[in-house]
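Please look through the sequence and the model before reading on. The paragraphs that follow lead through selected features in turn.

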Amino acid sequence: MKNLIFILVLSIFSCTKNTSTSSTAGAAGGEKVLNLVVSADVKGFDPNQASDLYAGNEVARVYEGLLQFHYLKRPYQLEPNLADGMPTVGDGGLSYTFKLKKGVMFHDDVCFPNGKGRELTAEDVAYSIKRMGDPKEQSKGWWLIEGKIAGLDDWRKSGNSDYSKEIAGIKVIDKYTIKFTLSRPFPQFSYSFAMPFTYVVAKEAVTKYGKGFINHPIGTGPFITGKYNQGNQIVYTKNPNYRTVTYPTEGESGDSEKGFLKSAGQKLPLVDKIVVKIMKEETTRWLNFRKGNLDAMGIPTEQFTNVMIPGKGLSDEFQKMGVKERKSVGLDVTYSAFNHTHDLFKSNLKLRQAMSLAQDRDMLNKKFYQGISIPAQSIIPPNIAGHIDGYVGPYQNLNLDKAKKLLSEAGYPEGKGLPEITLHYTYNTKSRQIAEVFQQNMSKIGIKIKPVGVTWPELMKVVNTKQSMMFSMAWGADYPDAENFLQLLYSKNAAPGANGSNYNDPEYDAMFVKASMMEDSPERTALYEKMYKYVSEKVPWILGFHRVGYGLSHGWFKNYKFTEFNHGVAKYYDIDNAAKSELKSKL
């Protein structure tokens, strides 16, 4: 899952070690240090557990996948990463054969002989995918490959976790070649290999550190870091043994004029160090950005009108400081989910509809999103096939009279007889305020809400163990296909899978299974649109917004281009120390 997507794209996580960077960061020609921020705790570095953007971004600094999204091109386009080319697809779309790049080395670590990292092979890829299917590992990414790779589900069900046992759908052809055979067509399969869940790990590291592996990141990526100890920052340094990877030489129209190709052909990564600070409070983040201690962040709600002038853009004050602004319509959706295993919600459609009608989205938009976000009418965001422009959901706009009528028909007139409903959310000031407004909105029809703020790992725990009544969250696209959003309500993806709301609807499931096996076509888009309307009417969640994000970056932060698929993009970022020395004097 992805939470607080725009802020996180600009942030990119943090954890241990207190390392001072002030002595060299501002000096022209000195060490290039990128200072980023994340707004919630990071739960660790195991790709198997990277189910949210917080963990996913940190994992992607150290680990890598077979594929990645091209950093500059739009529409989004997959390209090889660890793979030496795109996969060869055969057998009517059922087989995917990858050739690996030679000479890719794991980071040096004591888990390897003499502490020297060894070369990555196809066996490592096979091991990593099997590990996703190992029930003992409880991978949060199992939903991604469940029912797709021939024989893997049966191997998982056997429960013996014998990694030496052959699996029909995972075949190592030679040292640098691996073939996956699917049990059914799945046109989105290639996207899986650009997601952190499938990033390649070394068996030696998993064996050496056991349960502590989550805190010992050892991959093939552009950056390395030490043991993760749950501190308030994470420090990464450039991997001295990173293979030759260069900055893109082409992008979309206009990229050259915007300066995104000035680093074309340069060896990556471009910075020497990344310091990611964990700052949960928006005010703290903002003060640090203003001081130049952070290179980028989102615009705080209470500061928006001071920073962005209607009809003009960035204020004169911030322009003089050399600050740059970024705007993007997110491929995301915010929501407050019902736990459909709870007797109160699983079969009471009218209660869910009543609560949705009591939510004042216009007020929330103005109060917390500057009135610029897009109220969600269903689950699929704009700019993805299946979203219906102009569609207005029957239960998505404020209507207290209709809400009260439905609540009465649900068996709770004026809320009488309805127990207090607990709503879990990730604790920070803005989320707390949003939860309190939700509480006030529901009280207008007689429903009592008890907001409970918890840390992000704690929220994931109550969701994954089905202990919540309701919870607030957001989902950002893992890949640019509606299937990635629709799978959030597929019953077989129930918690601890991606369907944290545990929605179970056989009619919906049948549509989802059919759509998930269809190639991109007008027929598939029509089915997506049917599901879009179905979700709007069945109200499995109280929908929030498709967020329009504004972010700021200092003028010394180079090559930052907004991308929805930001795993691993820090290798493209650069810091101009000469510009930093000049611009910091203006702060």
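**Aromatic pairs, a sheet and a cavity**

A search of the whole structure finds 35 aromatic pairs; rings of Phe, Tyr and Trp (its six-membered ring) pair if their centres lie within 6.5 Å, and planes under 30 degrees apart count as stacked, over 60 as edge-to-face and the rest as tilted. One of these is the tilted pair of Tyr-369 and Phe-545, with 4.9 Å centre to centre and 50° between the planes. The pair links distant parts of the chain, 176 residues apart: Tyr-369 lies in the loop between α12 (361–368) and β16 (374–375), and Phe-545 lies in strand β21 (residues 545–546). Helices (H or I, at least four residues) and strands (E, at least two) are DSSP runs, numbered from the N terminus.

The model is predicted, and local features need pLDDT of at least 70, side-chain atom pairs count only at pLDDT 80 or more, and totals for chains, interfaces and linings use all residues. Residues are numbered from 1 along each chain as its sequence is written, and side-chain values use heavy atoms, with hydrogens and water left out.

The next feature is a sheet. Four strands form an open sheet with mixed pairing, in the order β1-β10-β9-β8; two strands pair if DSSP finds at least two bridges between them. β1 (33–38) and β8 (223–224) stand at the edges, each with a single partner strand, so one side of each is left without a neighbour in the sheet. Helix α3 (residues 53–62) packs on the sheet and touches β1, β8, β9 and β10 (273–278), its direction making about 25° with that of β9. Contact here means heavy atoms within 4.5 Å, while axes are lines fitted to C-alpha atoms, for helices over the stretch in contact, and angles run from 0 to 180 degrees between N-to-C directions.

β8 and strand β9 (residues 233–238) run antiparallel and are joined by two bridges. Across them, Phe-223 stands opposite Lys-238, and Ile-224 stands opposite Thr-237. β9 also pairs with β10 in the antiparallel sense, over five bridges, and Ile-234 stands opposite Val-276 in β10.

The structure holds six cavities of 30 Å³ or more; on a 1 Å grid over the protein atoms alone, a cavity is a set of points where a 1.4 Å probe fits but cannot get out, and lining residues have an atom within 4 Å of a point. Grid points are joined across faces, edges and corners, and a volume is the space filled by probe spheres set on the points. The second largest cavity holds about 210 Å³ of space. Of the 21 residues that line the second largest cavity, Gln-68, Ala-194, Tyr-199, His-567 and Gly-568 are the closest to its centre. Strand β2 (residues 67–69) gives the most to this lining, with three residues.

Methods. 1 Å grid on protein atoms, 1.4 Å probe; cavity = no way out; pocket = protein on both sides within 12 Å on 5 of 7 lines; lining within 4 Å.
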